[in-house]
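Please find below a colleague's note on the structure, arranged as numbered points.

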Amino acid sequence: MELIQNLELGFQTALTIENLLYCLLGCTLGTAIGVLPGLGPVATISMLLPVTFGLDPTAALIMLAGIYYGSAYGGSTTAILVNLPGETSSVITVLDGYQMARNGRAGVAIATAAIGSFFAGCAGTLVVAAFAAPMADLAFRFGPVEYFSLMVLGLVAAISLSSGSIPKSMGMVLFGIALGTVGIDLSTGAQRFAFGIPYLWDGIDFIVIAVGLFAFGEVIASLEANEKRETYTERMGQLMPNREDVLRMTPPILRGTIVGSLVGVLPGAGLTIASFLSYGIEKRVSKFRHTLGRGAIEGVAGPEAANNAAAQTAFIPTLTLGIPGSATMALMLGAMIMHDIQPGPHVMTKNPELFWGLIVSMWIGNVILIILNLPMVGIWVRLLKIPYNILYPSILLFCCIGAFSVRYSSFDVFLAAAFGLMGYALRTLKCELAPLVLGFILGPLLEGNLRRSIVLSQGDYSIFIREPISAVFISVAVLLLLISIVPSFARTRREALAEE
Amino acid sequence: MRIDKIDVITGALYLLGGIAFASASLRYGLGTSVHIGAGYFPMLVGIGLSLVGLVILLNAIRSGEPQSFPRFPLRPLVAVAGGVATFGLLINSFGFFPSVVGLLTVSSFATPENSIKNIIVLISVLLPITYFVFIFILKMPIPFIVVAG
């Protein structure tokens with residue numbers, strides 16, 4: 001069966017010493033930043049993108065992916081021990097996890113999170129492997145018209161499913177697209193919006209925006225908010241769950257995995273939504289739902305499984321269709337483009353070792369992570385004690401070197417600083433940054449597909465509705481928008497997405 | 001009238017930005033209906049942005065929840081932006097060492113908890129580590145220090 005052959009190729013690629021090392025590095029870094037509040041996968045991947053320049057593209061992607069799903073593991077440790085989510089995706093784990101810690105069961109909580117995450121991660125990887133080929137097949141039939149509509153749908157979905165007001169997120173997407181038009185337009189050769197600055201002739205580099213908006217902006221925001229944390233690092237209790245725990249954690253892990261796998265594929269729906277949904281489901285379905293909120297193991301097992309499953313399946317639209325569903329996935333796409341790999345269904349045929357190697361390494365990564373997170377928990381806990389005023393200068397330094405190394409030009413550094421200010425300003429204005437990055441990455445693609453579609457249809461715009469697949473995408477997008485705007489649904493949506 | 005100040009600012013920014021962007025894009029030509037020009041897509045984006053901004057602005061004035069004017073604490077802003085800018089200024093003319101020192105010093109002002117001792121410790125730890133990782137291992141062509149112009 002073809003899948004077996006592909007997996008074989010994947011194992012061959014992923015098990016080379018180089019790729020294993022990078023997987024280990026990525027998972028370790030991911031766990032570390034997951035544990036540390038205030039430093040997230042988005043900022044870290046932005047920081048490390050320039051470093052991956054010189055690496056083999058497969059190794060680079062393996063490492064970056066490891067950071068991404070690794071952070072989903074690490075965030076739960078902080079959530080359980082410090083009552084603070086290490087990552088936004090662990091927000092829900094704080095609820096029951098911290099209560100379990102206060103009841104002296106921190107070790108069991110951490111173990112539950114790790115076990116649930118491992119199971120879900122493996123399951124998610126299988127889903128990716130199974131669905132990759134059929135989805136790519138489907139995508140091969142897409143022309144510029146279908147791609148345009150699909151990207152519109154992706155952006156609309158990202159807007160509807162992100163927290164924050166819809167019009168503001170829409171504006172952020174448009175603003176991102178606008179930023180993407182700076183520089184030379186490949187189709188017409190026109191030099192757009194460069195304002196006579198030679199450094200802008202090639203457009204704004206993706207790394208500069210990412211580092212500026214996410215890393216610098218986050219540092220400024222974190223410096224502004226100073227928190228005191230109460231840590232339960234002393235008594236962890238025993239690590240191993242007893243038999244009753246294992247029995248109780250199994251149904252929520254299974255449910256969480258299913259929910260997470262489905263949610264992860266949707267653009268805009270991130271890990272956080274997956275964990276929220278899982279908690280909501282446990283509240284309605286679990287036999288022990290009356291104990292939720294007071295240290296129920298279901299409250300840790302379900303959400304943690306969900307967010308890890310979602311972290312894996314989020315790769316499906318990104319790898320097969322070339323459509324990123326979240327800021328982190330957009331960064332992954334940016335990394336691929338940086339290495340001259342055209343994302344989309346062709347990746348499977350033109351770079352099969354990269355594709356399958358990445359998928360297999362995601363499974364290997366989950367194995368590495370459960371080893372890192374269970375026995376080595378003590379190390380991560382010590383990491384929590386680093387004061388922020390030592391951490392942030394290090395972050396700034398890495399980012400500066402990174403931004404500079406793109407073209408060895410100071411202009412990029414200044415530009416990154418400017419984006420940092422802008423990122424902070426946008427945060428204060430309560431505008432979401434993820435839609436901006438999505439717009440920035442998809443903008444040029446959107447324009448290219450629009451242009452080609454118009455040429456195909458000889459100037460007839462109705463082609464987007466006449467072509468059946470495209471019509472489906474556009475209708476779903478319109479439906480999503482309407483649902484989000486209509487008041488009654490708008491309220492439900494706001495409540496559901498409130499904490500993000 | 002309850003005004004949502006944050007959204008008023010946001011809406012106004014989008015509106016003005018969109019108009020500016022759309023008008024600037026006219027310079028690049030709209031092209032024909034079959035072969036769209038370089039300015040066509042940006043113009044659409046600009047118009048969309050202005051419309052969205054208008055909607056936000058109107059909503060904010062009509063029925064927004066009153067929110068206090070956003071505060072911009074200057075200290076972290078200036079320290080971080082200033083530090084990064086210092087790095088940018090120094091790196092090409094003076095090399096790695098001065099720019100790292102400059103960055104760490106200026107950005108340390110972001111929080112009052114940083115003392116001179118902190119800065120010195122940071123520099124002595126981060127400078128060798130980053131030099132080793134980026135310049136030695138990754139072989140980035142950045143001189144350690146540039147003495148003569």
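**Note on salt bridges, interface and helix packing**

1. Over all chains the count comes to 11 salt bridges, a salt bridge being a side-chain nitrogen of Lys or Arg within 4 Å of a carboxyl oxygen of Asp or Glu. This is a predicted model, in which local features need pLDDT of at least 70 and side-chain atom pairs count only at pLDDT 80 or more, whereas totals for chains, interfaces and linings use all residues. Residues are numbered from 1 along each chain as its sequence is written, chains are lettered from A and ligands numbered from 1 in the order in which they are written, and side-chain values use heavy atoms, with hydrogens and water left out.

2. Arg451(A) forms a salt bridge with Asp185(A), with the closest N and O atoms 3.6 Å apart. Because Arg451(A) lies in helix α20 (residues 434-457) of chain A and Asp185(A) in the loop between β1 (183-184) and β2 (191-192) of chain A, the pair ties together parts that are 266 residues apart in sequence. Helices (H or I, at least four residues) and strands (E, at least two) are DSSP runs, numbered from the N terminus.

3. Between chain B and chain A, 59 residues of chain B are in contact with 57 residues of chain A (contact means heavy atoms within 4.5 Å). The count between chain B and chain A is one salt bridge: Asp7(B) pairs with Lys168(A), the closest N and O atoms being 2.7 Å apart. On the side of chain B that touches chain A, α1 (5-25), α2 (40-63), α3, α4 and α5 (116-137) of chain B each supply at least two residues, and the largest share, 11 residues, comes from α3(B).

4. The axes of helix α3 (residues 74-94) of chain B and helix α4 (residues 96-107) of chain B come within 8 Å and cross at roughly 170 degrees; axes are lines fitted to C-alpha atoms, for helices over the stretch in contact, and angles run from 0 to 180 degrees between N-to-C directions. That makes α3(B) roughly antiparallel to α4(B), a description used for angles over 145 degrees.

Definitions and conventions: Angles under 35 degrees count as roughly parallel, over 145 as roughly antiparallel, 65 to 115 as roughly perpendicular and the rest as oblique.
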